[in-house]
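User: Hi! Could you walk me through a few spots in this structure with me?
Analyst: Happy to, just show me what you have.
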Amino acid sequence: WHPARWVPAWRAPCASGVGPALSQRRPAASGNGSVGKNSLYVSEYFSQSAQKLSFYSWYGNAKLFHFHVPEDTVLLRWLLQASRGKGPECTSMEITVHFRHGAPPVINPLGTRFPANATVRPSYNISITLSSAVQNTTFVNVTTPAAGDWFIAAHLPQAAGRIEVKGFSTPCPYMFQADMFVLRLTDMPVLEPGVPMPHTVVSPAKVFVPKHAAAMRFQLSSCVTSEQRACTVRVLLGSITLPQSFQRSLTCTGSTNCSLALESPPWEKWLQIMVESLGTANASVSVEMLASFTGGIPCSSGIREGPEGALCVLCPPWVFGVPVSSLAPTLLLLNLNTGMDSGGSLVVSLLLNKVSRGTNALAHHSTLLFSAFSQGYPLSVSTSSAEATLIVLYPQTDDWFLSLQLLCPRAQGGCAGAEGRVSVFAYLTPCFNDCGPYGQCSLLRRHGFLYAGCSCKAGWGGWSCTDDSKAQTVGTQNLATLLLTLSNLMFLPAIAVAVYRFYLVEASVYTYTMFFSTFYHACDQPGVAVLCIMDYDTLQYCDFLGSVVSIWVTILCMARLKKILKYVLFVLGTLLIAMSLQLDRRGVWNMMGPCLFALLIMVTAWVHHGAKRRHCYPSSWKRWVFYLLPGITLAFIAISVYAFMETNENYYYTHSIWHVLVACSVAFLLPPRDKHKKPWAWPQKLTCRYQICQNDREELYAVT
């Protein structure tokens, strides 16, 4: 195969998981495509199972795919397959796919602000449109990709914010699957530093960058063509790592020498070298390559004396602070190549301590600390302050470097020869600042890879919930808490009616529901107005249980069953409802199932009563007009608000309306008490069985 143009003529059977599904061996080609005698091209196929996409509201909605690209890969091809359902609810949709090497992509589909002092490298992304076609297949090619971990994240557009009732509506399924094809060269020719090597154009080679190398110089010479024409070639040095690339290019014309300098090359890495002919396609081109490195200062435990501009490297641990100077930058090494450190945030705090020049102390306000933070080699974010915090979101798995140097304003006369110490505190955290007071840090997992994301509340947004552009005010948060909690007091009329009509079990259930609904919503608030009297999950379960059981006992009470049968159904239904809520707390059938079954029992009982009495039941038109119809109307309005009108923005008042409507409907629907029984009149059987009797026989014998 020609390494610069790879069109696979096969398709391996799709397998779940990650791993090579097929390998092909190609012998060394002649001419332009020749490689070493022992070199051959190997093609491999990796696949992962498809995932159902979600609309984006936070990072947890993005579906992550994790692949590992082997060493000496010369061509990488992604096969991206997107599909949607065939139902009428499925419409045209745009899918966004992000790529990144070394760590999960840092994305910002909502356009929110990142934390201050955060290092943000936007990911490389493409869009896939599903319009009239049910399926879309897209290929993405990457030549000379960097070896190691690669990540793909896919998601749908921004979520609409509507609260969906699980099971009430069927959303359209949008599926996405990523497969990876790689073409790698075994026994790739190695360019030894300082040793010229003849090389054939198009066949790749590689060179190893030693540790602590300050610069690399690549030289190309002796360009010869088979047609005796002017030699024009292009040299690509390095690998592609999306979104940014460390690859450098050089175009050489003629037989003269040309060179390429690479400052601060990535240490202890293999750099691929690809030489391409820009002349006649059929001509054979050969060149001579030479690579050399300068630098090579090993890490030490203190500042070394040297010429101005020299680089001093300090290895951890740094005891009693890091020594810094104004003569040369100090370079700190942070090792993040364990493979599991890229799913969180890297935070580095800097504090400049005592600064002196000779025996004289310098004031902190007249001395600046310059720092640069980077991955792979020393270059990137900079700050000038005596105190700073640097944040890297999803740091790539690699060696990171922190360079420090003292600088002084020219107005203060400079600070030549000044020295000091910097307190450096570096740590990894799942979420920076634990997502703040308006966010929740959640750990996510994909095929054993752990990463974290912030889910923001109360209108806050951003990567770490620090964007307050749409945040709710404290007054709005207090209003939301008061509405959602105090609206439950509308159960008091229903409780009073139940007690007055001697429905004590029903009144107990309504009291239970009012209590736990009040404190669940007090604990469920996203802002500062929060009160949790017990575990959140316990409060939520009790609230859901009380709501469904309240509906269950109300409808059964309307059925006018015999007491023994009614109470048996009360207990049995409550046990079954508790079991179903434990299985699926938010399923719509956990509420609709008991309601429909209770309605069936009620209708059956009413038909039986009507047939027995030979007229409609309930027989009173006043009962229908003033109680049943208003109660049923309120119940239907409440269900409509709950199922179709609630969104994340209007939840606090639409759900409060749901509380009021349900509580009022219960007060209307409870049946009247027995006409022959006074309120709170105790049955005769429950009164004392002993009574004072008149002894007629004794009085008879007393007569004289």
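User: Which residue takes a positive phi in the hairpin of S31 and S32?
Analyst: That's His447, with a phi near 55°. The hairpin has two residues between its strands. Keep in mind that this is a predicted model.

User: OK, and how many bridges join those strands, S31 and S32?
Analyst: Eight bridges join them. S31 covers residues 439-446 and S32 covers 449-456, and the two run antiparallel.

User: What stands opposite Gln440?
Analyst: Ser455, over in S32.

User: Switching topic: how many cavities of 30 Å³ or more are there?
Analyst: The count comes to three. The largest cavity holds about 60 Å³ of space.

User: Buried or exposed?
Analyst: Pro395 counts as buried, because its relative accessibility is 1%, and the cut-off for buried is under 20%.

User: What is Pro395 in contact with, leaving aside neighbours within four places in sequence?
Analyst: Its contacts include Gly102, Ala103, Leu336, Trp400 and Leu428. Gly344 is another one of them, and the C-alpha atoms of Pro395 and Gly344 are separated by 7.4 Å, though the two residues are 51 apart along the chain. Gly344 also lines the largest cavity.

Key
Residues are numbered from 1 along each chain as its sequence is written. This is a predicted model: local features need pLDDT of at least 70, side-chain atom pairs count only at pLDDT 80 or more; totals for chains, interfaces and linings use all residues. Side-chain values use heavy atoms; hydrogens and water are left out. Buried means under 20% relative accessible area, exposed over 50%, partly exposed in between (1.4 Å probe, protein chains only). Contact means heavy atoms within 4.5 Å. Two strands pair if DSSP finds at least two bridges between them. Helices (H or I, at least four residues) and strands (E, at least two) are DSSP runs, numbered from the N terminus. On a 1 Å grid over the protein atoms alone, a cavity is a set of points where a 1.4 Å probe fits but cannot get out, and a pocket is an open set with protein on both sides within 12 Å along at least five of seven lines; lining residues have an atom within 4 Å of a point. Grid points are joined across faces, edges and corners, and a volume is the space filled by probe spheres set on the points.
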